[in-house]
Structure formats: C-alpha cells, structure tokens
There are 2 protein chains.
Amino acid sequence: MSDPKSNGKTFRPRAETPKGFRDYFGTEVTERKAMLDKIAQVYHRYGFDPLETSAVETVEALGKFLPDVDRPNEGVFAWLGEDADWLALRYDLTAPLARVAAQYRNDLPSPYRRYAMGPVWRNEKPGPGRFRQFYQCDADTVGAPSVAADAEICAMLSDALEIVGIPRGDYVVKVNNRKVLNGVMEVAGLAGDDKDSERGIVLRAIDKIDRLGDEGVRALLGAGRKDESGDFTKGAGLSDAQTDVVMGFISAKRATGAETTTRLRELIGTSVIGAEGVDELEMIASLLDSQGYGADRIILDPGVVRGLGYYTGPVYEAELTFEILDEKGRKRQFGSVAGGGRYDDLVKRFTGQSVPATGVSIGVDRLLAALRAKGRGAADSAGPVVVTVMDRDRMADYMGMVADLRRAGIRAEVYLGNPKNFGNQLKYADKRASPIAVIQGGTEAEAGVVILKDLILGAKIAQNATLEEWKDRPAQVQVARADLVSAVQKMLAQ
Amino acid sequence: MSDPKSNGKTFRPRAETPKGFRDYFGTEVTERKAMLDKIAQVYHRYGFDPLETSAVETVEALGKFLPDVDRPNEGVFAWLGEDADWLALRYDLTAPLARVAAQYRNDLPSPYRRYAMGPVWRNEKPGPGRFRQFYQCDADTVGAPSVAADAEICAMLSDALEIVGIPRGDYVVKVNNRKVLNGVMEVAGLAGDDKDSERGIVLRAIDKIDRLGDEGVRALLGAGRKDESGDFTKGAGLSDAQTDVVMGFISAKRATGAETTTRLRELIGTSVIGAEGVDELEMIASLLDSQGYGADRIILDPGVVRGLGYYTGPVYEAELTFEILDEKGRKRQFGSVAGGGRYDDLVKRFTGQSVPATGVSIGVDRLLAALRAKGRGAADSAGPVVVTVMDRDRMADYMGMVADLRRAGIRAEVYLGNPKNFGNQLKYADKRASPIAVIQGGTEAEAGVVILKDLILGAKIAQNATLEEWKDRPAQVQVARADLVSAVQKMLAQ
C-alpha cells in the first residue's frame with residue numbers, strides 16, 4: 001500500500017467493498033429475513049434451539065490447520081492473533097457446532113437439537129453469484145444414534161420448504177444411505193483400502209448423473225470421458241460388469257419406497273454394511289409414513305450421493321422440481337436447495353469419543369432465488385408516504401403530519417433534503433417507491449387542507465398512452481388536514 | 001503452535017472460543033432477536049431502510065490505517081489479503097455506512113435513511129461483560145442538513161424504547177448541541193487552536209459529571225483531582241471565572257426547554273456559533289412538540305456531551321431512569337442505553353465533499369440487560385413437549401404423536417437418545433424445560449391411551465414441603481390417544 005500522503009495530495013480511500021464481498025439493501029435484507037424467520041418457526045416447533053457462535057474461531061478448532069505448513073489452509077480468512085494462535089472466520093456452521101458440542105458436552109441436553117443461521121466466509125475465488133460472505137441456515141441433531149433423527153430432519157425440511165412458499169409438488173426431498181453405496185462398492189469389488197482412488201472417481205461420477213446422463217457416467221466409470229471442449233477426464237477403470245453394478249445402483253429408484261428397497265437388497269447381495277443401509281432406509285420410510293410424509297414429499301432415491309468422505313449413513317437432498325429458464329433461455333429444473341446427512345466423527349476430533357450427528361443445510365441464496373422465481377419473495381417492501389416540504393418554516397406542521405400517519409401504523413417520511421426544488425422532492429418520492437406524496441403549500445395551510453398525490457396511479461398514467469381508463473380516478477385529491485390519516489388509509493387500500 | 005503430531009499422540013484441538021469471544025444459546029438468541037425485530041418495526045415505519053454491509057472491509061475504507069506504521073491500528077482485527085490490501089472486520093456500523101454513502105452516492109435516495117443491526121468486532125482487551133464481538137443497532141440519516149433529521153431520530157429513539165418495553169417515565173432522551181458548547185468555550189476563552197488540549201480535558205471532565213459530581217468536575221477544570229486511590233489527574237488549569245462559565249453551562253438545565261434555552265442564551269453571550277446552537281435546540285424542541293413528544297420523553301439537557309471530536313451539532317442520549325441494584329447491592333439509575341448525534345465529515349474522507357449526517361446507536365446488550373432487569377426480556381422460551389420412548393420398536397407411533405402435536409402448532413419432540421434408561425429421558429425433559437412428558441408403554445398402547453405428566457406441576461410439588469395445595473390437581477393424567485392434542489392443549493393453558 002502506498003503512502004497515503006504521497007504526491008502531497010490528500011489521500012482519498014477507495015469507497016469499495018473488498019473483492020468478492022457485497023452489500024445488501026432494503027428488500028434484499030427483509031426478504032431473506034422473512035424467509036429465515038419462517039424457517040426458524042418450523043425449527044422451533046420441532047424442538048430445535050437457536051445457537052449463535054462467534055464469527056471468529058481458532059484455526060485449530062476449525063480444523064483447517066495442516067501440520068506440514070505454517071499457515072492455515074487456503075479457503076479460510078485467517079490471521080495470527082495474540083498468544084501465537086491463528087484465528088479465522090468460520091467457513092461453515094457445522095465446524096463451530098462440533099466445537100460447541102465438545103466444549104459444552106456436560107451442560108447441553110443430549111441429544112442436542114440446534115439450528116443456526118448466519119454468514120460464513122470463504123477465501124475462494126469469487127465469481128458471478130459467488131461471494132466470499134454468504135448465509136447458511138443449518139439444523140442438526142447431535143447425540144442421536146437412531147435414524148429417527150434423520151427422518152425427523154427430512155420431515156422438518158419438507159415443512160420448512162412449504163412454509164416459505166414452495167408448494168407441495170414443486171419440491172421433493174430425496175433420501176439415500178451411504179451404507180448402501182458402500183455395500184454396492186463391495187459387490188463391485190471396490191471395497192479395499194487400496195481402491196480409495198477408484199471409489200473417489202465413482203462417487204464424483206455418480207454426483208454428475210443429472211448433468212452427464214447415463215452415458216457420460218458410464219464413460220467416467222470406465223476408461224474416461226472427453227468433454228465438449230475436448231478435455232479428457234480419466235475414468236475409474238471399472239470393468240463392464242463392475243460398471244453395471246454401479247449403474248444398477250444409481251437407477252435403483254422404483255415407483256414406491258418398498259419396491260426401491262427390494263431392488264437395493266438384490267444389488268447389495270450378501271454385503272453386511274449394505275444390508276444395514278437398506279434396513280435404515282426402510283426404517284426412515286416407515287417413520288416418515290407414520291407422520292404422514294408420503295412420496296409426494298419425501299422419496300427414497302439411490303441417485304443421491306452428496307459429496308465425498310464426510311457422510312457415514314443417511315444422506316438427503318431437497319430438490320425443486322418446477323422449471324425455470326436458464327441464462328440461455330432453456331427450460332431446466334431449478335434443482336437442489338438443501339442437503340445433508342449423518343456424520344459421526346466431527347466431535348471426535350476434540351474429545352476422542354465418537355458422537356453421532358445428523359443435519360441439514362439450506363442454501364439460503366438459492367432458496368431465495370427460487371422464491372423470487374416463483375414470485376413469492378416479496379416481503380413488506382412498500383415505500384413510505386412522503387410528506388413534501390413547500391414551506392421550510394412550517395417544518396413542524398409537516399412533521400406533525402408524519403407523526404399522525406406513523407401513529408396509525410402507516411410508514412411515512414417528511415422530505416429532509418433541501419426543499420427548494422419541488423421536482424427533486426417528487427424524484428425522491430419516486431426513488432423511495434412512495435405510494436403517496438402529501439403536499440401543503442401556504443394556500444392549503446390557510447384553508448386547513450392537504451393535497452394527496454397518488455404516485456402509483458401517476459406512474460401508471462405515465463406508462464399509458466391513453467388517459468381514458470384513469471379518467472374517473474383522480475390522481476390527486478384535496479382533503480381536510482383533519483382527514484389526512486383516513487384519506488391516506490383509503491388511498492392505500494385501493 | 002506446536003506440531004500437532006508431537007509426542008506420538010493424536011492431536012486433540014482445544015474446544016474453546018478464542019479469548020474474548022462467546023456463544024449465545026437458545027433464549028439469549030431469541031430475546032435479542034425479538035427486541036431487534038420490534039426496533040426494526042419502528043425504524044421501518046419512519047421510512048428507514050435496512051442495510052447489511054459485509055463484515056469485512058478494506059482497512060483503507062475503515063480509516064484505521066496510520067501512514068506511519070506498516071500495520072493497521074490496534075483495535076481492529078486485520079490481515080493482509082491478496083493484492084497487498086489489508087482487510088479488517090468492521091469495528092462499528094458507521095464507518096461502513098460512510099463507505100456505502102460514498103460508493104452508491106449516485107444511486108441512493110438523498111437523504112438516505114438507513115438502519116443496520118449486526119455484530120461488530122474490536123481487538124481490545126476483553127473483560128467482564130466486554131467481548132470482542134458484540135451487536136450494534138444503528139439508524140442514520142445521510143444527506144439531511146436540517147436539524148429536523150435530528151429531531152426525527154430522537155422521536156424514533158423514544159418510540160423504539162417504548163415498543164421494546166421501557167414504559168414512558170422510565171426513560172428520557174436528552175438533547176444538547178455541540179455548537180452551544182463551542183460557544184461556551186469561546187466565552188471561557190478556550191476557543192483557539194492552541195487550546196485544543198484544554199478543551200479536551202474540559203469535555204472529558206463534563207462527561208464525568210454523573211460520577212464525580214460538581215466538586216470533582218470543578219477540580220478537573222482547575223488544577224486537577226486526586227481520586228480515592230490517591231492517583232492525580234491533571235486539570236485543564238482554568239481560572240475560577242472560566243470554571244464558573246463551564247459549570248454554568250453544565251447546570252443550565254431548567255424546568256422547561258424554553259427556560260433552558262433562555263439560560264443558554266445568557267451563557268453564550270455574543271458567540272455566533274453558540275447562538276446558532278441555541279437556535280437549533282429551539283428548532284428541535286419545537287419540532288418534537290409538534291409531534292407530541294413532550295418533556296416526559298425528550299428534554300434539552302446541556303449536561304450531555306458524548307465524547308470528543310466526532311460530533312458537530314446536536315447530540316442526544318437515551319437514559320433509563322429506573323433504579324437497579326449494582327453489584328454491591330446499592331441502588332443506582334440504570335443509565336445510558338443509546339446515543340448519537342450529528343457528524344458531517346465521515347463521507348468527506350472518500351469524496352472530498354462534506355455530507356451532513358446524523359444517527360443513533362443503541363447499545364443492544366445494555367438495553368437487553370435493562371429489559372431483563374424489568375422482567376420484560378422473555379421471548380417465547382417455552383420448552384417442548386417431550387414424547388418419551390418406552391418401546392424402541394414403536395418409534396413410528398411416538399413420531400406420529402409429535403407430528404400431531406406440531407401440526408397443532410405445539411412445540412414437541414420425541415426423545416432421540418438411548419431409550420433404555422427412562423430416568424435419563426425425564427432428566428432430558430427437565431433440561432429442556434419441558435412442560436409435559438408424554439408416556440406410552442405397551443399396556444397403554446394396547447388400551448389406546450397415553451399418559452401426560454405435568455412436569456411444571458411436578459417441579460412445584462418437588463419444591464414444596466406439603467402436597468396439600470396440589471391435591472386436587474393431579475400431576476399425571478391418562479387420556480385416549482385420539483385426545484392427545486386437545487389434552488396437551490388444555491394442560492398447557494392451565
């Protein structure tokens with residue numbers, strides 16, 4: 001950084017957010033808040049308690065410190081604190097939960113159901129729609145070994161999607177189990193420690209089924225695949241027989257949960273871990289059934305894999321099934337907005353004891369985008385009634401008017417800029433999306449009246465070539481000052 | 001940091017927040033949220049829009065970079081980002097507002113009314129009740145030169161305090177004007193640039209009037225003051241006549257605003273800046289009067305100074321006037337919970353152009369503490385109904401029960417820990433502050449009934465020596481499974 005005083009000029013800092021960060025204004029804030037408030041209401045009803053951890057953690061607790069290097073991992077924002085401790089901004093809400101579960105293990109109820117909503121930070125390359133600070137919204141149950149906990153979270157996720165405005169039929173929660181997949185790996189002869197790399201390729205290939213289709217995934221399971229640009233991705237090198245086993249697993253989904261689990265039992269053969277996985281899926285299906293969550297909301301789908309090493313049992317994902325137009329104008333399904341699963345080793349890092357845990361993370365920005373796509377994003381975004389200032393010396397009168405309006409619960413402002421140019425005041429009202437401007441000049445004040453200008457109507461008239469249809473609705477009315485509140489209420493109700 | 005693998009032992013990270021940071025659980029989160037939601041409702045009604053800036057700013061934009069040193073100021077958490085830019089966590093909500101006002105000056109409405117609520121970070125020595133991350137709640141108007149903007153914020157602050165539960169009479173918003181103080185400095189012969197240090201001592205002395213009383217402040221204005229421990233604080237070295245002028249200003253408050261401004265006019269003599277200040281105070285009083293904010297809510301008080309260089313005009317402060325017991329059991333007034341004023345030079349740093357601004361910051365933690373002291377903190381902190389698990393194989397039945405309860409809007413959980421020890425389940429229910437435990441063993445299941453255990457009543461019985469008074473209210477009832485929801489509703493309503 002150059003010397004602020006160089007060149008003898010006064011130093012002017014750049015008025016910019018750092019690269020990859022952004023500001024949120026007005027309805028961007030209130031719409032997200034309204035959505036999260038509704039989700040919190042569901043979580044609360046399910047007995048989940050809020051937890052707000054600090055944004056700053058020790059790098060040690062986050063687990064992003066590699067023993068071979070003297071700096072924390074890339075990917076986190078970190079700095080060297082006092083006492084030679086590296087500090088960092090949390091990169092998700094799960095790592096802090098694991099720390100809390102270990103730190104307060106003697107005080108927290110067990111099982112501990114908690115939800116958390118807030119920003120997380122990633123020191124990654126920003127891109128279109130990808131920021132270095134973004135919201136997460138998580139719910140986890142720590143200390144519950146039973147898959148009843150997983151079933152509960154799937155039901156809660158379904159309720160959460162509906163409460164924010166995704167109607168039943170426009171989403172589906174898909175459930176799978178990593179143990180079944182492990183069983184399939186055994187059957188395909190991919191179980192040993194020496195097959196780690198192959199299993200990784202297989203998992204990543206399955207994750208791409210929606211994008212690449214059967215043929216593309218088959219190629220990745222076998223020798224490899226050349227993409228449209230000509231780039232070659234090395235495959236897992238599976239034989240045709242092995243590939244058939246894996247592909248059979250991905251396409252094991254049947255019309256009903258019972259048929260799907262029957263098919264899975266065939267696929268996992270004598271694998272013990274596989275059988276355990278299918279049993280768990282059956283249990284989850286039966287528990288959801290008993291709560292009234294049918295296939296119109298939650299289904300078993302062996303195509304769901306969700307990433308790599310993290311998960312140890314059930315995994316789940318919420319997909320929005322309605323179509324939107326992508327950037328090229330093509331129809332496509334909206335896709336995934338939430339996902340999670342069972343992970344049993346995060347607390348163990350701290351205590352040495354394995355603690356079963358399961359949880360879901362909702363993609364806040366994606367779900368908000370979905371709601372906006374469905375026209376359901378709108379929170380209360382009404383602009384204020386603007387009381388204009390015709391006579392600077394009668395500011396007290398104008399402030400009396402806004403006070404009256406506010407007392408009636410109406411959002412209202414007096415114009416506080418330089419009142420000299422009345423056009424500027426109307427421009428201001430326009431920028432504020434104000435529905436009504438209140439005007440009182442000297443003549444009106446003497447007569448004890450105010451003028452109400454219907455700005456929404458005014459905008460509509462301005463858009464229309466013909467005035468005909470607005471003729472019988474005046475864009476401006478004069479009412480007694482004493483009737484200000486009732487007249488504004490009437491105009492707002494139109 | 002030592003090598004994680006040293007000693008051949010597995011490395012276990014410490015499960016701790018960094019020093020000076022803390023976690024917030026359950027009602028700590030919901031009570032603060034409920035309070036901020038109510039305040040936001042008032043701000044919204046006044047036409048203020050929410051703004052959420054990123055937690056991370058360039059140090060350059062925050063203005064905490066000193067040209068002589070190669071690291072940012074102490075007091076902020078900062079690190080060197082890519083591109084050799086220093087990044088830092090915001091230390092308040094005003095500096096980011098100044099950046100936003102400059103960055104978006106062509107797009108924002110002018111005047112721009114915005115509110116912001118969120119955490120800020122200070123790299124300062126933590127202490128009891130002092131943390132390195134805490135909430136601020138600000139409302140500011142940028143671009144409004146008129147003191148009508150200051151009056152509006154005082155009225156809004158008054159409304160905000162009342163809506164969260166501080167009754168009228170238990171608080172007062174005090175208004176003063178730095179220009180009056182500057183006028184008094186002129187009269188006292190302390191106006192020149194060479195008197196900077198004396199003015200600083202005078203300002204700090206006035207700020208201590210509540211704690212030190214007249215005599216202590218007089219000593220600080222004069223030669224200096226020895227405190228109880230024997231430490232000596234050097235005074236401003238004012239003559240008796242100068243001291244009288246300053247003390248006259250502090251004690252200029254009269255029964256009515258009109259009497260106070262009359263007294264202030266006497267004190268400021270022929271000072272032009274002082275006269276401007278008194279005019280502004282009169283204007284503010286008149287504007288508040290026109291909105292119905294009388295001396296029971298907002299008063300002129302020349303004793304309010306609010307810190308040093310920052311403010312340029314009106315300053316204001318909200319004080320809670322009810323008494324609490326301090327840590328030594330002595331009665332004292334609760335004191336200040338919010339403050340602010342007019343500052344005209346923050347945006348200028350970026351653009352070179354002076355932009356008038358005024359705003360208030362509510363001390364979120366202090367106001368929350370006040371509400372708790374008044375017994376008004378409670379949000380919905382009811383624990384969930386806990387459905388216990390008597391028979392592991394009938395988990396589906398138990399989950400059906402909680403689903404029924406939730407559908408009726410009742411917060412409910414099934415016990416998800418190991419169900420073997422029933423005592424653990426009741427201990428869990430106790431830890432969750434559960435009002436009711438639902439029990440259904442095999443016998444009850446066959447009979448189609450459930451047992452409801454009134455845990456609140458049970459706790460009361462446990463506290464009481466005699467059972468007499470509870471005799472006619474059984475702590476446990478048996479109802480038909482079909483009546484579960486209505487019976488729970490009835491019990492909760494008791």
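Glu52(B) is found in strand 2 of chain B, strands being DSSP runs of E with at least two residues and helices runs of H or I with at least four residues, numbered from the N terminus. The model is predicted, and local features need pLDDT of at least 70, side-chain atom pairs count only at pLDDT 80 or more, and totals for chains, interfaces and linings use all residues. Residues are numbered from 1 along each chain as its sequence is written, while chains are lettered from A and ligands numbered from 1 in the order in which they are written.

**Surroundings of Glu52(B)**
- Glu52(B) counts as buried because it has 22 C-beta neighbours inside 10 Å; the term buried requires 20 or more other C-beta atoms within 10 Å of the residue's own, with C-beta atoms placed from the backbone.
- Leaving aside residues up to four places away in sequence, Glu52(B) touches Asp23(A), Tyr24(A), Val29(A), Ala116(B) and Gly118(B); contact is defined as C-beta atoms, placed from the backbone, lying within 7 Å.
- The C-alpha atom of Glu52(B) is separated by 32 Å from that of Asp170(B), which is 118 residues apart from it along the chain.

**Between chain A and chain B**
- Strand 1 (residues 24-25) of chain A and strand 2 (residues 49-52) of chain B run antiparallel and are joined by 2 bridges; strands pair if DSSP finds at least two bridges between them.
- Within strand 2 of chain B, Glu52(B) is the residue that stands opposite Tyr24(A).
- In total, 84 residues of chain A are in contact with 84 residues of chain B.
- Helix 13 (residues 395-407) of chain A gives the most to the side of chain A that touches chain B, contributing 7 residues.
- That side of chain A divides into 40 nonpolar, 23 polar and 21 charged residues, where Ala, Val, Leu, Ile, Met, Phe, Trp, Tyr, Cys and Pro count as nonpolar, Asp, Glu, Lys and Arg as charged, and the others, Gly among them, as polar.

**Open sheet of chain A**
- In chain A, 3 strands form an open sheet in the order 3-5-4, with antiparallel pairing.
- Strand 3 (56-58) and strand 4 (78-80) of chain A are the edge strands, each pairing on one side only.
- Strand 4 of chain A is joined to strand 5 (residues 86-89) of chain A by 3 bridges, and Trp79(A) stands opposite Leu87(A) of strand 5.

**Strand 17 of chain A**
- Strand 17 (residues 436-439) of chain A runs parallel to strand 15 (residues 385-387) of chain A, joined by 2 bridges, and Val386(A) stands opposite Ala437(A).
- Strand 17 of chain A also pairs with strand 18 (residues 449-454) of chain A in the antiparallel sense over 4 bridges; Leu452(A) in strand 18 is the bridge partner of Val438(A).

Note on methods. Two residues are in contact if their C-beta atoms, placed from the backbone, lie within 7 Å. A residue is buried if 20 or more other C-beta atoms lie within 10 Å of its own, exposed if 12 or fewer, and partly exposed in between; C-beta atoms are placed from the backbone.
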